[in-house]
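I opened a notebook page for this one.

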Amino acid sequence: MSSRLPLPPLALGVLLVALLLIGGFAVYRTAFAPREVKVAVLFDVGGRGDLSFNDMAALGADRAAKELNVKVDYLTPKDLAHFVPLLEDLSKRGEYELLVLVGFLWIDALDKVADKYPQQKYALIDASTGKARANVLEVLFREQETGALVGVSAAGMARELAREAGGPIKVGSVAGMSIPPLWRFHIGYLFGVKYFEAKTGTKVEFAWVYTGKFDDPAAGRRAAETMLAGGAKVLYGLAGLTHVGMFDAVIDWNAQGRGRALALGQDASQEWYNATYIPLSGSKRVDVAVYRAIEMVVKGEWKGGLSVLGLADGGVGIWDIEGVKYFAQIAYDTKKSKVTPERVAEIVSSQRARYIKEDVQRLMKELEDKIRRGEIVFKDPRDEKEYDAIIKELERGNLNAALAKGSVS
Amino acid sequence: MSGEALRALSETALALAAAVFVTSLLLLLLGYDPVSSLAVMFTYGLGNVEYVAAVAAPLVLSALAFLIPLRAGLFNIGGEGQAYLGALSFLYFSQQFGALGLLAGGLMGALLGGTLGALRAFLGVNEVIASIMTNWTLYYVTLFLVSRHLTHPEFPHRSIDVGFFLGSWTSFLLALALALLALVLLYNTLLGYEIRVLGSSRRAAAYAGIDVRRVTVLSMSIGGLFGGTAGALKVMYVGHLDTTMSALFGVGFLGIGVALIGKSHPIGAVLSAAFLASMIIGGHWVELRLGTPPELTDVIVGVMVLVLSAPYALKLLQRGGRLG
């Protein structure tokens, strides 16, 4: 009787050792390799492609994915009915270390779900539930600070335009909905204009309109045309996609020879849209907020509660030429703009030099330093009543009504 | 099972296979992996049945809103506007009257549907055009009321909370009960018979002594009743309306697709609403798992609706809107 093995014993031994090695290596890999952190970014219903708010959130997450070795997945809910069940499903699975919720539409869903899953970490960007929770980080911005700097420069630009082409010195803004971040923009912008008035002695007219929408360019266009016809020289866009219609109105206003006007963007750098007539954008670094939240988780420095990003933290400000170039590159790569980033930067620099004169640059620098050093701090209106009261006082020229700390004269 | 039902089922199975085929082809053309996309869509779509029930419930009703008038040969494109009105009425009346708010939503929808029906019956106003106009008017009326009068005191972007709530399963059972009611109405009542005769031929109906005007107004009212309830259920599930209108927008239009996939049959509408709801839910996970753009999900769902409803819609067109 000859027992025949399917393989010679030596081969069998080699195979066994090889298997053990591979298995051991796999166990070693899973046990000792740095564990990859998984993060999910949940957009609002608009999702990516707005070249502003949502895209900037994605930008911050992408950067975190590269620099911090994080796996980032994205999700765009179809409509409001999906916010709670999706958030609940993701929290229950617990596979994501952090769920980043982009925008105020998530407030209600987070309020309903967060307490049920204390192990799940959440970061709510640019909104607040009004409650402090250990597993929820809420990131807000000091919109007043970027608004104030934009206000000073807008007033300066309107003065130059009136000098060149005649007409009143008038600035305006096409805003979205009356929600707390917009209240803060309004306070800052009006403060900046009044600051310019107080320092230069030049009277500046001011107009502000809520279109009620963040996604309606036609409404933005109508609002802008009304303001332009009323003599406004510089319009500040604070309405997401809606103020793209404002951009178009300003561009056409110049192109059709109906007058001279400039537009200012906000959140992302939007100069690339038309560098000649959009020489400046305020920044609101949603990307910084998202990156920081992810960084906290990766580095094990998680701390729930409210975090407010201002000028001093690099959370808000005015886009410099590097930032302008960066977004112009994205627009160029995605074929939204045919102008090269270098050319955009060149036009923006020359337009800024032409319309922001030295005295205005000095004013902006002075105000920026005061804010950075914490010498002045803006008020945060808790409700619409307080907001209205601050605006009324500002309109009368009482700058200090907008300040919670410090004073200007 | 009757031969007719068997044929309808096998027809749908064939259409489903065709829809999967066409969708896969399109996904391949766009450079995505069709197998994993559809696998993720279906597995995650059916992973949470309660969620499917919640999303399907308003769709069943907005399908009925289109289906009942269609059986009478009328195109109620106004399910959308009826849903807005129903949602608003529910939001308002549920504050004081709780569950009765649902009834208020349905009745307001019925009133609107009936008005459109009366315009058609007595003045010859085309119900499609009138529906589309009221849809947009009511869209902006809703937006206005949400941002001015029903606004939440703390969060200005949204309305106050609804005053009455039903769980996902209860609302689905409610939708199912209403679908059964519609079934009985269509096949076991005189009015249902008159609706079906009117759908087959207006002139024959008139010749047979059926009051065409009365049936026109009634079928549109019943459609409106369902449309209004659809809006009420949707806002009830979300808990509030907001100024993006994303809680409501499209619920009526999607109902048309659901009704066509379901071959204008109330039970078919329930099945196709559940199917579409699971596709929409699963679509979210395709983006999350495979990193595809969210628009891809819309494309998949759109193609599915198109292919699945095509055989029935074509039949309908060939007969000039008349049903057998």
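Entry 1, second largest pocket. I looked up the volume and got about 1200 Å³ for the second largest pocket. The model is predicted: local features need pLDDT of at least 70, side-chain atom pairs count only at pLDDT 80 or more, and totals for chains, interfaces and linings use all residues. Residues are numbered from 1 along each chain as its sequence is written, chains are lettered from A and ligands numbered from 1 in the order in which they are written, and side-chain values use heavy atoms, with hydrogens and water left out.

For the search I used a 1 Å grid over the protein atoms alone; a pocket is an open set of points with protein on both sides within 12 Å along at least five of seven lines, a cavity is a set where a 1.4 Å probe fits but cannot get out, and lining residues have an atom within 4 Å of a point. Points are joined across faces, edges and corners, and a volume is the space filled by probe spheres set on them.

I then listed the lining of this second largest pocket: 43 residues, with Ser178(A), Ile179(A), Pro180(A), Trp183(A) and Pro156(B) nearest the centre. β5 (136-141), α6 (180-200) and β11 (305-309) of chain A, and α6 of chain B, each give at least two lining residues. Helices (H or I, at least four residues) and strands (E, at least two) are DSSP runs numbered from the N terminus. The most comes from α6(B), with five residues. By class I noted 21 nonpolar, 12 polar and 10 charged residues in this lining; Ala, Val, Leu, Ile, Met, Phe, Trp, Tyr, Cys and Pro count as nonpolar, Asp, Glu, Lys and Arg as charged, and the others, Gly among them, as polar.

I found four cavities of 30 Å³ or more in the whole structure. The largest cavity has a volume of about 90 Å³. Its lining includes Leu80(A), Phe83(A) and Asp108(A), along with His157(B), Val238(B) and His240(B). α4(A) provides the largest share of that lining, three residues. The classes are six nonpolar, two polar and two charged.

Entry 3, chain B against chain A. His157(B), His284(B) and Leu288(B) supply 22% of what chain B buries against chain A, more than any other three residues. The contact (heavy atoms within 4.5 Å) takes 28 residues from chain B and 32 from chain A.

Entry 4, salt bridges. I took a salt bridge as a side-chain nitrogen of Lys or Arg within 4 Å of a carboxyl oxygen of Asp or Glu. Between chain B and chain A I counted four. Lys234(B) and Asp79(A) form a salt bridge, 3.4 Å from N to O. Over all chains the search gave 39. Within chain A, Arg354(A) pairs with Glu164(A), closest N and O atoms 3.2 Å apart. Arg354(A) is in helix α11 (residues 341-355) and Glu164(A) in helix α5 (residues 143-165), so this pair ties together parts of chain A that are 190 residues apart in sequence.

Note on methods:
Buried area = accessible area lost by both parts, 1.4 Å probe.
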